[in-house]
Each structure stands twice: as structure tokens, then as C-alpha cells.
Amino acid sequence: MVEPTGGVVMVVDDDEDWRELVVQFLSEAGFEAIGARHGLEALSRISGGDLTPDLILLDLEMPVMSGWEFRREQLRDPMLAAIPVVVASSADPRSIDADAYLEKPF
């Protein structure tokens with residue numbers, strides 16, 4: 001097992017297979033990778049302050065709380081707003097304020 005050296009990445013995606021694949025890939029690359037099934041789960045995990053990811057990899061189209069809704073809530077909280085977000089989605093990312101964009105599939 002590789003000891004994490006690259007920081008903490010939260011992967012927020014409702015596609016379980018995809019999410020687990022990305023978490024596994026990042027873990028093998030030396031990151032501490034954590035998955036969340038939708039925006040609400042991600043928000044609840046990071047709002048308490050026990051977990052502060054260095055980066056969030058965010059899908060947009062998810063049930064319960066979409067990526068757009070998650071990002072709006074994240075930006076409202078000064079403690080969470082500074083966490084960089086990379087949108088990874090097949091949806092048009094131009095309508096969301098993010099640090100970078102990856103078009104799915106990649």
C-alpha cells in the first residue's frame with residue numbers, strides 16, 4: 001500500500017463504479033482519496049471541519065444535491081469557499097464557477 005503524500009481529494013459523483021475507480025486511481029497515485037455519492041453527502045462531510053480536502057473533483061448531474069447546488073453552498077461558507085473545485089462532467093460546465101474543468105468521458 002502506498003502511503004498518501006499528495007493531499008486529500010474528495011470525489012463527488014453518483015456513479016459508484018466511476019467514483020470508486022477514480023478513488024482507487026488517486027489512492028494508488030499517493031493521494032488520500034475520499035468518495036461522496038452526491039453534493040449533500042460531500043457537504044455534510046466537510047462542513048463539520050473534521051475533513052478538509054485539498055481538492056474536490058465534482059460531477060454536476062447528481063440526485064439529492066447536484067454539483068451546481070453543492071458549489072453554491074460551498075461558496076457561501078467562508079471556511080469551504082477556498083477549497084479548489086475541478087468539475088468532471090459531461091454537462092456544460094460554463095454555468096458553474098470552478099477552478100478547472102474535465103469533460104467526461106476522459
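Is Asp13 buried or exposed, and what is its relative accessible area? In this predicted model, Asp13 is buried, with a relative accessible area of 3%; buried means under 20% relative accessible area, exposed over 50%, and partly exposed in between, with a 1.4 Å probe and protein chains only. Local features were required to have a pLDDT of at least 70 and side-chain atom pairs a pLDDT of 80 or more, whereas totals for chains, interfaces and linings use all residues of the predicted model. Residues are numbered from 1 along each chain as its sequence is written, and side-chain values use heavy atoms, with hydrogens and water left out.

Five salt bridges were counted, a salt bridge being a side-chain nitrogen of Lys or Arg within 4 Å of a carboxyl oxygen of Asp or Glu. One of them pairs Asp13 with Lys104, with 2.4 Å between the closest N and O atoms. This pair links distant parts of the chain, as Asp13 is in the loop between strand 1 and helix 1 and Lys104 in the segment after strand 5 (100-103), 91 residues apart. Helices (H or I, at least four residues) and strands (E, at least two) are DSSP runs, numbered from the N terminus. Lys104 is buried, at 17% relative accessible area.

A further salt bridge joins Arg19 to Glu20, the closest N and O atoms being 3.7 Å apart. Arg19 is buried at 6%, whereas Glu20, at 40%, is partly exposed. Glu20 belongs to helix 1 (residues 16-28), and its C-alpha atom is separated by 23 Å from that of Asp99, 79 residues apart along the chain.

In helix 3, Arg76 and Glu73 lie three residues apart, about one turn of the helix. Their salt bridge has its closest N and O atoms 2.3 Å apart. Arg76 is exposed, with a relative accessible area of 58%, and Glu73 is partly exposed, with 31%. Elsewhere, salt bridges that share partners join Asp13, Asp59 and Lys104 into one network.

Side-chain to backbone approaches were also found. The side chain of Glu41, a residue of helix 2 (residues 39-47), reaches the backbone nitrogen of Arg37 at 2.6 Å; Glu41 is buried at 19%. Ser66 is located in the loop between strand 3 and helix 3 and is buried at 12%. Its side chain reaches the backbone nitrogen of Trp68 at 3.4 Å. In that loop, between strand 3 (55-58) and helix 3 (67-76), Val64 is also found. Val64 is exposed at 59% relative accessibility and has a positive phi of about 70 degrees although it is not a glycine.

Note on methods. Polar contact = N/O pair within 3.5 Å; in protein donor to acceptor, adjacent residues only side chain to side chain.
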